[in-house]
Amino acid sequence: PGTLYVVATPIGHLGDLSPRAQAVLAAVDRICAEDTRTSGHLLAHYGIRRPMTALHEHNEATLVDGLVAALRDGAALALISDAGTPLISDPGFALVRAARTAGVPVIAVPGPCAAIAALSISGLPTDRFVFEGFLPAKPAARRRRLQTLATEPRTLILYESSHRILDTAEDLAAVLGSRSVCLARELTKLHEQSVVLPATALPAWLREDTHRCRGEFVLLIAGAPAPEADHGAEAERVLRILLRELP
Ligand code: SAM
């Protein structure tokens, strides 16, 4: 069989397409891209011209069989998305799963991912973390999801767009109170910015300057503190036993 390469592309800065990613993209028989126009610009920048197929959430299911057949026949395909790592809040899951089921080698060409980039600069604990992607769009469902996530002890990573950043910030403030939140926007781009604030301060920070609500966002939430053990009661219990036993 051929090979399916899952290739990460820049999340803003064009310099972040690795030399290996460039070589793989230039060599494959076909590039499956979420949006052929968006990726066309990136590939043109590197002088890469390969046949392209649009593969997005609306057609992925119908295209998978044909693409896997091509892979079985020996084709080398690359999968890319508009930005960052494919399958991370992006299309590609059905294709990767079908390729694996068919016994086709699937090779990662790793690179940018907004979640990991933001985590690495957040100053929040990185030893354990949870990626939740986008919260539900509807306000009631979003609040409910946040409430169930509020007790999560690991650092929580969320994606958000400019349309909903303020609403989500209001919800974070209401549900999390003074818990630390890191907001990272426009990573690797001209107006890159990142701050760590108590959740309650986030809405005001965003409103302070209209530019702050623009662009693409990663939100990272400090894990919930471990519930405090009741040391007082335990100490008292031990003391009572000791007093009883002492002469
Ligand atoms: N596959 C991508 C990745 O690996 O990060 C994520 C794709 S998802 C459809 C787009 C979301 O990723 C944006 O709404 C934003 O939350 C986040 N994102 C992408 N690029 C970003 C950047 N340069 N700065 C901050 N967040 C970014």
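## Exercises on helix packing, ligand shell and overall form

In this predicted model, helices α6 and α7 are oblique to each other.

**Exercise 1.** Find the angle and the axis distance at which α6 and α7 pack, and show why the pair counts as oblique.

*Solution.* 
1. Locate the helices: α6 covers residues 139-149, and α7 covers residues 165-176.
2. Their packing angle is about 40 degrees, and the axes lie 10 Å apart.
3. Angles under 35 degrees count as roughly parallel, and 65 to 115 as roughly perpendicular.
4. The crossing of α6 past α7 is right-handed.
5. On the α6 side, the contact is made by P139, R142, R143, L146 and Q147; on the α7 side, by D167, T168, D171, L172 and V175.
6. Sorted by class, this contact has four nonpolar, two polar and four charged residues.

**Exercise 2.** Describe how α3 packs with α4, and state which classes of residue form the contact.

*Solution.* 
1. Helix α3 runs over residues 60-72 and helix α4 over residues 93-101.
2. The angle between them is about 35 degrees, with 9 Å between the axes.
3. α3 passes α4 in a crossing that is right-handed.
4. α3 contributes E60, A61, V64, L67, V68 and L71, while α4 contributes A94, L95, A98 and A99.
5. Nine residues of this contact are nonpolar, one is charged and no polar residue takes part.

**Exercise 3.** Which residues come nearest to the ligand, and which elements each supply at least two residues of its shell?

*Solution.* 
1. There are 24 residues around the ligand.
2. Among these, G84, A114, Y159, L187 and E216 come nearest.
3. The elements that each supply at least two shell residues are helix α5 (114-122) and the strands β7 (155-161), β8 (180-185) and β10 (216-221).
4. The shell divides by class into eleven nonpolar, seven polar and six charged residues.

Definitions and conventions
Residues numbered from 1 in each chain as written. Predicted model: local features only at pLDDT ≥ 70, side-chain atom pairs only at ≥ 80, totals over all residues. Near = placed C-beta within 6 Å. Helix = DSSP H or I, 4+ residues; strand = E, 2+ residues; numbered from the N terminus. Nonpolar A, V, L, I, M, F, W, Y, C, P; charged D, E, K, R; others polar. Axes fitted to C-alpha atoms, helices over the stretch in contact; angles between N-to-C directions. Parallel < 35°, antiparallel > 145°, perpendicular 65-115°, else oblique. Left-handed = near helix turned anticlockwise from the far one by under 90°. Contact = placed C-beta atoms within 7 Å.
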